[in-house]
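This report considers the model shown below, from the contact between its chains to individual residues.

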Amino acid sequence: MDSVLIELENVNFSYLNRPSRTLKDINLKIYQGEYIVITGESGGGKSTLAMILAGFIPHIIAGTLEGSVLHQGISSNMLYISEISQLVGLVQQDPENQLVCPTVIDEIAFGPENLMINKTEIITRIEHISNKLEMVHLLQRSTNRLSGGEKQKTAIASILAMNPKVLILDEPSAFLDVPSIKNLLRILKELNKSQNMTIIILEHRPELFRNSLTRTIELKNGGIIRDSSNELFIKQELKILEEEITRLNNLKGPETLTDILEIENINVFYQKFHILRNISLKIKKGYIYGIIGRNGAGKSTFLQVLANLISYNGNIFFRGVNLKNIPSHKLAKEIGIVFQNPNHQIFEKTVIDEVLFAPRNFKISQAHKSADILLQQATLEKYRQFSPFSLSYGEKRRLNLASVEVYEPEILLLDEPFIGQSYDNIKYILERIKRRKEKQLTTIIVSHRISLLESFSDYLVLFKKGFLQKWYASKQREEEK
Amino acid sequence: MSLVIDEDSKVVVRETNPLVKFLFVILLSVLLFNLYNLVKVYSMLILVLAYYKVGKFPYNVAKPRIRMMTIFCIFILIVQVLFVHEGEFLFYLIPAIGFFGPFIPIYETGLFIGLLIIGRFIGIIAISWVFINSTNPFSFARSLIKLKIPYRIAYTMSLSLRFAPVFTIETNIIQKAQNARGLNTNPNTFLGLVNLLRYTLIPLIGSTLERIKDITISMEGRGFGCYSERTYLFETHFYLKDLLKLSIGTLLIWIFWII
């Protein structure tokens, strides 16, 4: 048996100013060379557990920690965070926030520089890691100019430069497309096998790692409910969501086909980059459209064009009216959009005011009742008077959706709605989409979760390098025909 | 920026020392605030903008702010012109037409102060943008450390430079999200401007706090601040050419001051 690297005994933790415990009675031993996936619902305590394993609790994040946390046999309280960081490295969910240096080479060197490692050794480490991760060509690049996958690679490289024995990744697949996920899996497997490095993944989709993992841990309400070295409790995503998907697929589209959006030859330029190229498409009323493609293909830009939020060449007609003649804040009543980052779309001080924000702007007086129902359906009713910023990530996403759904726009645009969402949250989103289809409202969804999107969308639209590569009716739609 | 690795593994970045640029920003700002000659103030502004052109410095980095700056400048000018009734009387904004008028007298001092404040305001912004957008934040930190400023303070200062573009991008996204929820944020209208100011703060603070937490974890998790010293893979040197640039620049600023 390999040595124990981290040991948690009867650990309880509660954040400052929060009455309930986020983690309860955690007993856990992490061994060298393990490949662990920690899964569970949103707000179940995964990220908090990672913060304890990486030493940020109790050293940086305030709260009450009870029980014993040992790093290589030494109490976490007795160690400096800089000492723990040489044992455990944490790659956060959003690599964008993790990169602090102007260039990739600076970023990788940052940790070893802080540890006063000599330059020759730092250069050796940079060369070794950049070769291993196949990112030599990125070394001189500005960190502001990297794609999502490249940012994550840089974040991993910057942690590996510290030579940790344990690497923790929080939702590593969240912002990655399928080829980037495959590449990440290859890198992690290689680190685990060749360096006997312990890999800990916090994921809502443990099935992605089923070929590599040696142990799975499931958290619920702050406690470990399953800890197993076999993978019996890993299920396929589509199986878990089967019921919701079937319900969605049983719904038929409108009897008469109406083009609600006519997109004609759209081009978008940003500085010297040609982001969208000659996009033409007709969107039919009452159907679900899934937009797929690799990182940087132009999917999110396309959604922003449809909401009239960025300038473009070409024309888009909504019920025959050119979108260019409608100011975006007025168009929003008909075409609503939910962005990726929940924090960017919270404007009010309480949850209920947040849901009523758009209806007030549109001068809809009867929105209170719908807002109450939506909060109930989103299980946010108890947080009615809470600050939206006090909610968990998953709860914020549900709030974002409720804040747009409250006025039922004719077309709803969802940008990566499934990122960082537990299956319960995904079920909620699918339920909302189903209700929209029942009312013959159109929904357009951008997501990297191709199989999930394919399972319930009526039409799929594939983007590649700014071009609309193809669009096609999904299997269930074909069967319906 | 070219990367040179010496025989003894010293990595050196060859670019104008950021400290020289920073000193220029300070000198030019001091000069601007001490100029009371409108011709000189606006000549200096034209010279800075000419540098944008000659140095192929992108105008579009300041583009999102131009509209906001214009509104602010017009507001300042109106306040000064309407409420400062000192100096020589110049003209009435609304002249006498028959028995109607004249209204709103314009005085020399009000107009002068209004134009002076605008010139200084735009000048400072234009100079600062050159510094922010042409300086590697970590080179700036390294050059501050050479002045014996503790590296924790120097890096904190440089981080604000690093995240300046991110902050701009985020503000832009928030504005889009506001529009997408039916809020009029058109800064050309009074209501739009008020909405923009009122509803940008909350999401910006929210995302900034989140970012600060992540950055702290990222830096502390990589041993930042654990020792009083640290290694520097790259070194920012003060070359003879930097001294020459500083001398010539200071001389030009002095000449501009005395003429």
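Predicted model: local features only at pLDDT ≥ 70, side-chain atom pairs only at ≥ 80, totals over all residues.

Residues are numbered from 1 along each chain as its sequence is written, and chains are lettered from A and ligands numbered from 1 in the order in which they are written.

**Contact between the chains**

Chain A contributes 55 residues to its contact with chain B, and chain B contributes 46 residues; two residues are in contact if their C-beta atoms, placed from the backbone, lie within 7 Å. On the side of chain A that touches chain B, at least two residues each come from helices H3 (81-84), H4 (95-98), H5 (104-114), H6 (119-132), H12 (328-331) and H13 (351-361) and from strand E16 (335-338). Helices (H or I, at least four residues) and strands (E, at least two) are DSSP runs, numbered from the N terminus. H5(A) gives the largest share of this side, 6 residues.

**Domains of chain A**

Chain A is assigned domain 1 (4-235) and domain 2 (242-480), with bounds from an automatic or database domain assignment. The centres of the two domains, taken over C-alpha atoms, are separated by 32 Å. Their contact takes 15 residues from domain 1 of chain A and 15 residues from domain 2 of chain A. Helix H7 (148-160) and helix H8 (178-194) of chain A are the elements that give two or more residues to the side of domain 1 that touches domain 2. The largest share of that side, 3 residues, belongs to H8(A).

The table sets out the class composition of the two contact sides.

**Chain B**

Chain B holds 9 helices and 5 strands, and from the N terminus on its elements run β-β-α-α-α-β-β-α-α-α-α-α-β-α. Its radius of gyration is 23 Å, whereas a compact globule of 259 residues would have one near 18 Å; the radius is taken over C-alpha atoms, and the globule rule is 2.2 Å times the number of residues to the power 0.38. Along the principal axes, the C-alpha atoms of chain B fill a box of roughly 85 × 55 × 30 Å. Of the 259 residues in chain B, 25% are buried. A residue is buried if 20 or more other C-beta atoms lie within 10 Å of its own, exposed if 12 or fewer, and partly exposed in between, with C-beta atoms placed from the backbone. Of the contacts in chain B between residues at least 6 apart in sequence, 61% join residues at least 24 apart.

**Two residues of chain A**

Val11(A) lies in strand E1 (residues 4-15) of chain A. Val11(A) counts as buried because 20 other C-beta atoms lie within 10 Å. Leaving aside residues up to four places away in sequence, Val11(A) touches Leu23(A), Ile26(A), Ile52(A), Glu66(A), Gly67(A) and Val69(A).

Glu244(A) belongs to helix H10 (residues 242-250) of chain A. Glu244(A) is likewise buried, because 20 other C-beta atoms lie within 10 Å. With residues up to four places away in sequence excluded, Glu244(A) touches Lys427(A), Leu430(A) and Glu431(A).
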